[in-house]
Amino acid sequence: MSTADSGGRHGGGRHGGGRHGSGQNGSGRYGTGRRADAGQGAPRDDAEARDGRPDGGRRLLLAAGATAAAAALIGGGTVGGRPAQAAVSDADDPHVAVDVRRIGARGDGRTDDTAAFQKALDLAAKVRGRVVVPAGAYLLDTVSIPMLVKVQGLGADISRYGSGTSGGVNLRHLPTSTAPMVVVTGPGTTLEGLTLQGNGSSAPLLRVDNGFESRFDRVHLANVAGTALLAQRVNNAFWSDVFINNCGTETDAAMVVKSPPAELSLTNSNTFTCVDLTIEGGPGPALDLGWGPSGEHFVEFVRLVAPHIEALQAGAAPEAVVRIGNVRHVELVSPFLYGGGGPLIEHRRQRPRGVVLEGGVRVVGGALLGVDPAKATASDHLVRLTNGDDFALIGTRLGRFTGAAVAVGADYGANVLIDPTTRIQLPTKGIALSDQRVGRALPVWRWGGGIVTTTDVEVGRHLLAARTTAPTAVALAGAALGSAAPVVAGADTAGVVRYTPGARATAGPQVRLRFAAPYATPPAVMLTPQSAAAARTRPYVSVTKDHVEVCVVEPLAAGERGEIVFGYQVVG
């Protein structure tokens, strides 16, 4: 063996007496060389000289030790030897990346790679690192992703184009598994460039138990006869390009976002943003947000930007495509919702929470398009408001329906808005709005955008309500009418009242008009004198939720008396 072989790179040179042996590691830069002699007047080591401070070499020693320890921890081998490097990836920083192939995963679509995957995740968690997954098909039962771990697929991003190894990184669920394939258990996790396949199992592909500050990007889930993505706690999270295809059942949504059960005492799902969410091909509901009767069915401050959700055109269940339940502010920004056997959006609150700003669903821009009538029976309506309050369509286009574009149930709240920039393409016999709420019919309001509505319209903080029944009129003592009775013609909202005061009339209340139906709060009432005698009385009103009293400041002298006629207008 030559001198170079025995004492050079692997012997006394770079590894033996050089960098890793008695040179830099043994008595040189990292060992007991110059730094050990520093107290005896030896020259300072290079790092100290460059740093200009006496502790520069020590800091370099600590940094080198920490890096080597991390490599040993991941690889399970020695600090300076090859086994520590054999288990990690060369992608970017080898000290914080664990390659599942080098841990033992096969990626052939036949071998159960669960144990290797979990080992890689646990090793990466110890150094807050990442797991890299080369292209392949990995068969998994169930694995848990701890906090501050990133799982990065190294294959093609658009892996949905191939279900095998040629399509990028495909994680296939064990067909007999009844547990979720991937469970996110800790905050600060990242999933990137992965495809998750049902492969015969009906259990969720991805369950998020703690998605605080999670980041998902280019994640595809496919082929599950049930819920594919179950987010039980997701906070301050940002997801992008999540694609769910051919998942769900006639009753189970392909994606569910809710909050943890009360017994876990965890934070509600809140402040969740998802950009470019795509859900296609499901036989029933596609997305549930806080949908259900119990306390865990609640979400707040959810923003979905540019969601693209398509349900089946034929044979789909009559459930709504997007089901919104117990929520505090949900926004669908520039959505495209299409198809389905029922409405595209339903808001049904089943368990009030009593929080500030409860409810509040906003659809901003985008388009809601029902079933193509050439392929299936057209949708009866596109939006169904069953229970809750505060729904608004703002600049949205709606088309393809046979009944009403928006159907408001009898139990829904007062706040329903279809703003002037919304466009509804009316079919031959269809209408824009069907309102079943009791006692809230209005004269037809025509907005600039062509919307025709017979429901409540909020104007200047007052709710206008047309009521066809006239109030009842009763003379009060101040009018001194005797046996005469006042006469009223009109309705609760507008009309005319007539009376002729008696000889003993005094100032104050003259006539009481009791509304046919009480208002929720005392309305605003305006009196307009319609006779000379009425004008001389200097009238005013006293109003409650149940009635209005016509009052005067000046009682009229005998020579001035005559029929007093007031027109009234009520805004409440």
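Reply: Let's start inside: strand 9 gives the largest share of the lining of the largest cavity, three residues. Keep in mind that this is a predicted model.

Me: Which other elements give two or more residues to the lining of the largest cavity?

Reply: Besides strand 9 (190–197), helix 7 (114–126) and strand 5 (143–145) do. The lining is made up of F117, L121, V143, I145, V151, L171, V182, L191, L194, L196 and L206. The space inside is about 70 Å³, and the count of cavities of 30 Å³ or more comes to three.

Me: How many nonpolar, polar and charged residues are there in the lining of the largest cavity?

Reply: It has 11 nonpolar residues, with no polar and no charged ones. The second largest cavity, at about 50 Å³, has a lining of seven nonpolar, three polar and one charged. Among the residues around that second cavity are Y499, T506, Q510, E554 and I564. Glu counts as charged, so E554 goes into the charged class.

Me: What is in the largest nonpolar core?

Reply: That core has 86 residues, and L196, L206, L221, W239, I244, M255 and F272 touch the most other members. Helix 7 gives the most to this core, with seven residues. Apart from it lies another core, of 20 residues, including L481, F566, Y568 and V570. As a general point, nonpolar side chains tend to be buried together in soluble globular proteins.

Me: What does L221 touch, not counting residues up to four places away in sequence?

Reply: L221 touches L196, L205, L206, A228, L229, V242, F243, I244, N245 and C247.

Me: Why is C247 called buried?

Reply: The cut-off for buried is under 20% relative accessible area. C247 has 2%, so C247 is buried. C274 goes the same way, because its relative accessibility is 0%.

Me: How many disulfides does the count come to?

Reply: The count comes to zero. For the label to apply, two cysteine sulfur atoms would have to be within 2.5 Å, and by that rule there are zero disulfides here.

Me: Is H297 buried or exposed?

Reply: H297 is at 16%, which is under 20%, so H297 counts as buried. H297 sits in the loop between strand 16 (287–289) and strand 17 (299–305). Leaving aside its neighbours within four places in sequence, H297 is in contact with K258, G290, W291, G292 and N326.

Me: What makes R110 exposed?

Reply: Exposed means over 50%. R110 has a relative accessible area of 66%, so R110 is exposed. R110 is in strand 2 (residues 108–112). The C-alpha atoms of R110 and L174 are separated by 9.7 Å, with the two residues 64 apart along the chain.

Me: Why is L148 called partly exposed?

Reply: L148 has a relative accessible area of 37%, which falls between the 20% and 50% cut-offs, so L148 is partly exposed. L148 is found in the loop between strand 5 and strand 6 (150–153). Its phi is near 55°, a positive value in a residue other than glycine.

Me: What about L398: buried or exposed?

Reply: L398 is buried, because its relative accessible area of 4% is under 20%. L398 belongs to strand 27 (residues 397–399). Not counting residues up to four places away in sequence, L398 touches L368, L382, L393, A405, T422, R423, I424 and Q425. R423 is 25 residues from L398 along the chain, and their C-alpha atoms are separated by 6.3 Å.

Me: How many helices and strands does the chain have?

Reply: There are eight helices and 43 strands. Of the 572 residues in the chain, 48% are buried. Among contacts in the chain with a separation of 6 or more, 66% are between residues 24 or more positions apart.

Technical notes:
Residues are numbered from 1 along each chain as its sequence is written. This is a predicted model: local features need pLDDT of at least 70, side-chain atom pairs count only at pLDDT 80 or more; totals for chains, interfaces and linings use all residues. Side-chain values use heavy atoms; hydrogens and water are left out. On a 1 Å grid over the protein atoms alone, a cavity is a set of points where a 1.4 Å probe fits but cannot get out, and a pocket is an open set with protein on both sides within 12 Å along at least five of seven lines; lining residues have an atom within 4 Å of a point. Grid points are joined across faces, edges and corners, and a volume is the space filled by probe spheres set on the points. Helices (H or I, at least four residues) and strands (E, at least two) are DSSP runs, numbered from the N terminus. A nonpolar core is a set of buried Ala, Val, Leu, Ile, Met, Phe, Trp, Tyr and Cys residues joined through side-chain atoms within 4.5 Å. Buried means under 20% relative accessible area, exposed over 50%, partly exposed in between (1.4 Å probe, protein chains only). Contact means heavy atoms within 4.5 Å.
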